[in-house]
Amino acid sequence: MTQSPDPAPGTASRETADRCPGVFSTHEAQDGALARIRLPGGRIRPDQLTTLAQAATAHADGFLELTARGNLQLRGITDVEAVADAVVSAGLAPSSSHDKVRNIEVSPLTGRMGGIADAGPLAAALDDALRADPAATSISGRFLFGVDDGRGDIRRRGADACAVVRSAEPVVADILVGGVAVGSVAGVDGIVATLIAVATGLQKVAPGAWRVRDLGVEDRSRLERLVGETLAPVVESDEDDVPDPVEPIVGWFDQDDGSVLLGSVVELGRLPARLAEFIAAVESPIVFTPDREILICDLGEGVAETVVRVLAPMGLIFDATSPWARLSCCVGAPGCGSAHAAVREDLLAHVGAGLPLNGREHWVGCERRCGSPAGTHLSVQATPDGEYDRRRR
């Protein structure tokens with residue numbers, strides 16, 4: 001994942017423009033162009049995955065990279081226009097003007113396992129509204145929307161604007177601004193409008209700010225008041241009634257409707273294009289999670305057994321105890337010119353040596369810490385002297 005260094009908290013102004021990559025504005029890395037494909041909620045159809053896999057084979061390095069927001073990246077692109085054409089033809093970049101603002105994380109299991117309500121329709125309505133709003137083009141490609149179905153998995157990831165569902169009929173959600181609940185609102189239209197109001201309000205309060213965490217105390221209070229003044233009080237909930245989020249979502253899971261969901265990971269968070277085509281051939285819904293998991297959903301038991309038997313030998317990991325269920329990394333050298341080490345090779349050697357892990361770890365090549373998980377983790381950062389600095393973040 002390529003990004004600029006995070007500023008100190010409370011720094012509203014930015015010295016550089018937002019260079020977050022998209023489909024139509026790629027990033028030029030040392031290993032070639034990089035395009036990021038936004039997948040609201042991490043959801044993708046089998047035919048769309050097939051198209052991306054074919055584009056990765058023909059015009060990139062042959063892999064699909066999983067990001068910390070449930071999106072996908074293609075690296076080493078040799079024909080940017082051909083990749084863009086493929087993404088557009090698959091319906092994965094429905095608007096060039098709004099391509100980079102569609103950063104929407106959604107509870108990955110919503111509508112299939114647990115949760116107060118299916119958050120999928122709410123997220124889809126948010127995506128539709130963003131693409132239809134001319135003012136949304138001013139939203140930074142770093143700004144993050146969250147839709148939590150009540151289980152708390154997205155809420156804790158620190159989205160800039162997050163809706164936490166509290167009831168299903170009618171749908172009511174608490175609205176969080178940078179993790180702080182400012183009120184509640186009922187109805188899909190009201191929830192969507194309020195989430196977008198957080199993003200547009202950020203630009204009113206501090207023009208040029210990318211995320212809520214860029215704001216100082218005074219500006220943040222202004223934004224919270226601006227959004228919350230028309231909302232109802234926050235809905236009180238009994239935390240004992242909310243099940244803990246499933247973590248990791250790796251293995252065999254029984255959906256609420258009796259179908260099977262298979263959760264998996266891949267080495268280094270890189271999905272080989274050929275393996276992606278085989279996943280698509282199952283012809284079932286696919287979800288990429290912010291923890292770089294790959295969910296194959298709505299399967300019959302017999303089909304699920306076949307998927308495991310065929311795809312596990314190809315590199316799809318269904319074992320929750322695998323180190324790759326807790327490890328992630330940036331590209332490192334030589335793909336990134338800022339990296340102090342060949343991070344991928346070092347991490348592979350670390351895993352191959354059977355060295356112990358300290359919970360969730362993210363390995364990075366420099367102080368930018370690209371692709372870091374939203375939650376608490378051990379950051380293993382390469383230093384200029386060729387060593388690695390380990391710090392809990």
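Student: In which loop is proline 248 found?
Tutor: This is a predicted model, where local features need pLDDT of at least 70, side-chain atom pairs count only at pLDDT 80 or more, and totals for chains, interfaces and linings use all residues. Residues are numbered from 1 along each chain as its sequence is written, and side-chain values use heavy atoms, with hydrogens and water left out. Helices (H or I, at least four residues) and strands (E, at least two) are DSSP runs, numbered from the N terminus. Proline 248 sits in the loop between α5 (217-228) and β11 (251-254).

Student: What is omega for the peptide bond from glutamate 247 to proline 248?
Tutor: Most peptide bonds are trans. The bond from glutamate 247 to proline 248 is cis, and its omega is near -10°.

Student: Where does proline 334 lie, and what is omega for the peptide bond from alanine 333 to proline 334?
Tutor: Proline 334 lies in the loop between β16 (327-329) and α8 (343-352). The bond joining alanine 333 to proline 334 is cis, with omega near 0°.

Student: Is leucine 268 buried or exposed?
Tutor: Leucine 268 lies in the loop between β12 (260-264) and β13 (270-272), and its phi is positive, near 65°. Buried means under 20% relative accessible area, exposed over 50%, and partly exposed in between (1.4 Å probe, protein chains only). Because its relative accessibility is 11%, leucine 268 counts as buried.

Student: What is the phi of aspartate 298?
Tutor: Aspartate 298 is found in strand β15 (residues 294-299), and is partly exposed with a relative accessible area of 33%. Most residues other than glycine have a negative phi. Aspartate 298 has a positive phi, near 60°.
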